[in-house]
Amino acid sequence: MIRVVLLDLGGVVFNEDAEYARRAEIILSELRENGVRVSAEAFQKVLREEVERCEPNPWASALWRFVQPDLGKFRRVMAVLHARNAASQEDLPAVVIRPEAARAIPQLAENYALALAANQPPRALSFLEEAGLLRYFAWREVSDTMGVAKPSPLFFRMILDGLDARPEEAVMVGDRLDHDIFPAKLLGMKTVRILLGPYRHQQPPTSLYVPDVSIPDLSQLWEALEKMG
């Protein structure tokens with residue numbers, strides 16, 4: 001019987017489309033600065049191919065395909081991307097919370113213990129607090145406050161131990177096959193894939209990456225959980 005629901009944030013609760021677009025713009029701009037002319041369409045095509053094959057860092061992998069075998073160019077572009085990401089952490093606009101997620105979370109909390117299961121900085125907790133959603137979670141830690149990140153199985157074990165739950169009593173809900181579905185299945189948890197954002201294009205490399213259920217967004221999670229038992 002499911003009594004704990006681990007919930008990813010990026011892509012699932014937070015709409016990160018603007019951040020993904022910003023990341024692509026930085027890479028394209030830096031490619032031009034380094035003498036590599038690439039259209040936005042060509043970059044997005046290659047990026048999708050890297051996502052489809054479950055590349056852990058599809059942005060870096062896509063970049064490499066345009067600069068290979070020039071390691072110097074790769075390092076320069078990645079250094080700028082990392083620097084601009086770090087510099088903008090406090091300046092990013094408020095996170096957009098998906099409306100269906102804001103409606104689903106309070107309903108889910110009525111019957112399940114909810115746990116955050118996200119690779120996020122502490123400010124993600126502030127966004128949830130401001131939206132009135134953090135109070136619905138029994139586990140209110142993210143990767144940066146835990147000191148461990150997905151896809152490490154330890155990340156999931158820490159959450160289960162913190163809530164005194166066994167893997168068979170829990171379900172992981174996320175958008176990434178590699179970070180969410182695969183490690184959760186390794187531990188014996190049930191899994192639900194949310195088909196939102198760029199990672200909806202990921203293709204499972206083996207059966208261990210195949211979720212128990214796939215749904216378009218959190219509005220259908222309640223029904224999916226009831227069917228799973």
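Arg-176 comes out as buried, with a relative accessibility of 10% (buried means under 20% relative accessible area, exposed over 50%, partly exposed in between, using a 1.4 Å probe and protein chains only). This is a predicted model, so to speak of local features a pLDDT of at least 70 is needed, side-chain atom pairs count only at pLDDT 80 or more, and totals for chains, interfaces and linings use all residues. Residues are numbered from 1 along each chain as its sequence is written, and side-chain values use heavy atoms, with hydrogens and water left out.

**Around Arg-176**

- The Arg-176 side chain meets that of Asp-178 in a salt bridge, 2.8 Å from N to O (a salt bridge puts a side-chain nitrogen of Lys or Arg within 4 Å of a carboxyl oxygen of Asp or Glu).
- Asp-178 is buried too, at 8% relative accessible area.

**The sheet**

- Six strands make an open sheet, ordered β5-β4-β1-β6-β7-β8, with parallel pairing. Strands (E, at least two residues) and helices (H or I, at least four) are DSSP runs numbered from the N terminus, and two strands count as paired if DSSP finds at least two bridges between them.
- At the edges sit β5 (137-139) and β8 (213-215), each of which pairs on one side only.
- From one strand to the next, the twist averages 30° (axes are lines fitted to C-alpha atoms, for helices over the stretch in contact, and angles run from 0 to 180 degrees between N-to-C directions).
- As background, strands of a sheet pair through backbone hydrogen bonds, either parallel or antiparallel.
- Four bridges hold β1 (residues 4-7) and β4 (residues 113-116) in a parallel pairing, with Val-4 partnered by Ala-113 in β4.
- β6 and β7 run parallel and are joined by four bridges; here Val-171 has Lys-190 of β7 as its bridge partner.
- Three bridges link β7 and β8, again in the parallel sense, and Val-192 has Val-213 in β8 as its partner.
- Because four of its five residues are buried, β7 is largely enclosed by the rest of the structure.

**Helix α9**

- α9 (residues 177-186) has seven of its 10 residues buried, so the helix is largely enclosed by the rest of the structure.
- Those buried residues are Leu-177, Asp-178, His-179, Asp-180, Ile-181, Pro-183 and Ala-184.
- Their cover includes α8 (153-162), β6 (170-174) and β7 (190-194), where contact means heavy atoms within 4.5 Å.
- Together, β6, α9 and β7 build a right-handed β-α-β unit (right-handed if, with the strands pointing away from the viewer, the path from the first strand over the helix to the second runs clockwise).
- Just past α9, Gly-188 adopts a positive phi of about 95°.

**Other salt bridges**

- The whole structure contains 14 salt bridges.
- One of them joins Glu-169 to Arg-3, with the closest N and O atoms 3.3 Å apart. Glu-169 sits in the loop between α8 and β6 and Arg-3 in the segment before β1, so the pair ties together parts 166 residues apart in sequence.
- Glu-169 is buried at 12% relative accessible area, whereas Arg-3 is partly exposed at 33%.
- Lys-45 and Glu-49 form a salt bridge as well, at 2.8 Å from N to O. Both belong to helix α2 (residues 40-52), four residues apart, about one turn of the helix.
- On the geometry, an α-helix has 3.6 residues a turn, so residues three or four places apart point the same way.
- Lys-45 is exposed at 55% relative accessibility, while Glu-49 is partly exposed at 25%.

**Asp-212**

- Asp-212 is found in the loop between β7 and β8 and is partly exposed, at 46% relative accessibility.
- Setting aside neighbours within four places in sequence, Asp-212 contacts Met-189, Lys-190, Thr-191 and Met-228.
- Its side chain reaches the backbone nitrogen of Thr-191 at 2.8 Å. For scale, a polar contact is a pair of N or O atoms within 3.5 Å; within protein, one must be able to donate a hydrogen and the other to accept it, and residues adjacent in sequence count only if both atoms are side-chain atoms.
- Asp-212 and Ala-224 lie 12 residues apart in sequence, with 9.8 Å between their C-alpha atoms.
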